[in-house]
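Dear colleague,

I am passing on the structure below, together with some notes on what came out of going through it. Please read the notes with the coordinates open beside them.

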Amino acid sequence: MNKKMRLKRSRFAQSVGITAILSSSMLFVASPSFSETIALDASQHSPLPVDITPMFISLGFDDNLDVDGMTWTLAFLNSRKNPQGADAFANAPLSASFFMHCNPARTDEHVLQLWRNAKTAGHDIGNHTETHPDDKVNWNPLDNWMTAEAWQEEITRCNALLLASEEKGGIGLESVSGFRAPFLTYNENTLSAIAANKITYDVSFPAGITPEHDGTNNYWPHTLHDGSKEHDLAVNGGWKPPVSEQPSLWEVPLHTLIVPPDAELEKYGLAYSLRDKIASRVPWFDAVSGKGDNFDWNLYSEPAWGAAGLNEDDVVAIYKYNLDLRLSGNKAPLVLGLHSGFYGYVNGQEHFGMPETTVENRRRVLERFTDYALSKSSVRFVNHKQLIDWMKAPEALVVCPSEEWDVYETYQTGDTVTYNGEKYKASWWTTQQMPGLYDNSPWSLIDACSPSS
Ligand SMILES: [Zn+2]
């Protein structure tokens, strides 16, 4: 079987799974079969030198129609703060993006109130269409049934709810910045409708699928003025339709997540090959590159539906590993695709079809990963809109070390410590090297830092 055929078959199998099960915006799959290559370009660099670039983590939650999950998610984000420092995002409660499936919320005052609460808390409220349509015929992404007018209506109607005042039953946004396509199915009509509705960014394109992208050199957010090379790869692979360049539209890359290789298992607390586990369940997973899905649906759901059916420790390991890859590389933002509904009970019950996790397990994944991330002084959780705004006017990271140097600890580039009353930052990987001891030390003195709040 040639590569293209294998890929097409995998797309089909996956689409069958999701379409049968639930209305969610999954369908993010790595495409490890590609052998085509692209040149590295400017999008693979932060606009600032990497050592003064924040390590952004940006969570995006879809649908948001489940009261318990949305309630827990908002409380969780508010329960933690970014690390200390003197930049705009330091010390702030965590902020995330929420992509709303609008129509069912119109008649659910409880859900509407939660969306307003999210806005009031400073989260980014985005458009996930009015009725969550899947614009494919027979699961074929190249065969679309929606007209340009239908796409306009999907996006305009949802925007109208988000922009209407609270008195008129809306959410009261001043503008809608972001969009995610249901099932990640988009085409020319989708992009035209986004642009016509003055939406600033999309977060639906494939990303991280080229062989050159190894987790340390991923793309930063970029405008689609020159299109997207990874979209073009998907077009060549036969699973995305061609689209026009969009000079003013930003793309937030939602990268494939790389599963920790066997050599790293001990570091991430696993006693078995996670790549083998996923390969035994997901036919199109490439255990050599380790590139797998990003969306939580794909990580947790039933293998019979085309997902990996992973457990709590597995997903924590994947999230941590991908953060560590970025911290050792170009610090491209770690963008995660999530569904707030999966972090709450459904009428008091567990979710159907997540064989190795409970609601409590999935909540602990977010808690454990977030606490790990927040132990890194350069990490800043921001919503997608804040990320785009930062790209337009980047501000240097200013850290404030809070941890004492520990002889037994291993430090990565950018980690900070205090020692003998001074503050230090690691210029490269180091362990068992006392700060300030000699010239050409991995530890350099730093100063600026705000008091903790
Ligand atoms: Zn969705």
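Strand β3, which covers residues 124-127, has D124 and G126 pointing one way and I125 and N127 pointing the other way, and all of these residues are buried. Please keep in mind throughout that this is a predicted model. Strand β3 is joined by 4 bridges to strand β2 (residues 97-100), and the two strands run parallel; on the β3 side, N127 is the bridge partner of M100.

Within α2, the residues G69, M70, T73, L74 and L77 are buried. Viewed down the axis of α2, these buried residues fall within an arc of 130 degrees, and therefore they line one face of the helix. As for what covers the buried residues of α2, the elements include β1 (55-63) and α4 (109-120).

Lastly, there is W390, which sits in helix α12 (residues 384-392). Is W390 buried or exposed? W390 has 23 other C-beta atoms within 10 Å, and because the cut-off for a buried residue is 20 or more, it counts as buried.

Note on methods
Residues numbered from 1 in each chain as written. Predicted model: local features only at pLDDT ≥ 70, side-chain atom pairs only at ≥ 80, totals over all residues. Buried ≥ 20, exposed ≤ 12 C-beta atoms within 10 Å, placed from the backbone. Arc of directions from axis to C-beta. Contact = placed C-beta atoms within 7 Å. Pairing = 2+ DSSP bridges.
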